[in-house]
Amino acid sequence: MQVEIGELRNALQSEHQQRVYELSGCRREILDLQHRLVQQHTEQTMQHQTVSSALTNEIELRGGQIETLKSQMALVLRRSEVIQPLKELETKHFEKLVNDLEKANVDRRTSCDKLEDKLNLEIENREHQCQRISEEVGLQKARVEADFAQDRERIDCLTQNVQLAGEMMTTGSYDHIERSTLRSSDSLLGSMLSSMPTTGSGFRPSQPVDEPSTAD
């Protein structure tokens, strides 16, 4: 019986070590995914900032060109009476530059919107992955705790049955033992007691041969 208890304890300890190892692996995977998510978010943020900076510089550059063209247009307007054909040409040139700038702004804005949508989608996917991993880890933890509780219950029942068997062998009677405390389905002591009479019976341990009988 002690050998069986030792085997059960060894099996329980091995199972516990295996569960701890699996839990550690899950935690390492979660930390790795979190690190990768943060790194991905940082890279996307840097790219977005780069695009925004480039767009800002482009707007400033175009703004400077527009200011230059405005100065030129003012000069042309002052001389428009003399150089009317040049005035018309500069007006057309200015309109073309304004249209190009508006088109460039629209293109840049569209690119930034697409990039932001992709970044938000990636963040949402990563959040869903982390949530699924957390749920799986929680289920695994609950399963391990349930297994530990079941193993502890079995060990406690086995220990109780062994103690009751020791008391029965010591006292020579089992009338004081409540049958409800035994698990007859998986206990050898429970199956032994279930086959014995209920009351008024008992047994005495056999006396050694070399000891004199107390009846004399």
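Is Arg36 buried, partly exposed or exposed, and what is its relative accessible area? In this predicted model, Arg36 is partly exposed, with a relative accessible area of 41%. Its salt-bridge partner is Asp32, and the N to O distance between the two side chains is 3.9 Å. Asp32 is likewise partly exposed, at a relative accessible area of 38%. Both residues belong to helix α1, where a spacing of 4 residues places about one helical turn between them. Side chains of opposite charge can pair when their charged atoms come close. The pair of Asp32 and Arg36 counts as a salt bridge because the N to O distance of 3.9 Å falls within the 4 Å cut-off.

The surroundings of the partners can be described separately. Arg19 has a relative accessible area of 18% and is therefore classed as buried, since the limit for that class is under 20%. Glu15, with a relative accessible area of 28%, is partly exposed.

Helix α2 comprises residues 84–171 and contains both Lys96 and Asp100. The side chains of Lys96 and Asp100 form a salt bridge with an N to O distance of 3.2 Å. Asp100 is partly exposed, and its relative accessible area is 35%. Apart from such pairs, salt bridges with shared partners connect Glu15, Arg19, Glu22 and Asp147 into one network.

The axes of α1 and α2 come within 10 Å of each other and cross at roughly 170°. Helices α1 and α2 are therefore roughly antiparallel, because angles over 145 degrees are assigned to that class. The residues that make up the contact of α1 with α2 comprise 32 nonpolar, 10 polar and 11 charged residues.

Terms used: Residues are numbered from 1 along each chain as its sequence is written. This is a predicted model: local features need pLDDT of at least 70, side-chain atom pairs count only at pLDDT 80 or more; totals for chains, interfaces and linings use all residues. Side-chain values use heavy atoms; hydrogens and water are left out. Buried means under 20% relative accessible area, exposed over 50%, partly exposed in between (1.4 Å probe, protein chains only). Helices (H or I, at least four residues) and strands (E, at least two) are DSSP runs, numbered from the N terminus. Axes are lines fitted to C-alpha atoms, for helices over the stretch in contact, and angles run from 0 to 180 degrees between N-to-C directions. Angles under 35 degrees count as roughly parallel, over 145 as roughly antiparallel, 65 to 115 as roughly perpendicular and the rest as oblique. Ala, Val, Leu, Ile, Met, Phe, Trp, Tyr, Cys and Pro count as nonpolar, Asp, Glu, Lys and Arg as charged, and the others, Gly among them, as polar.
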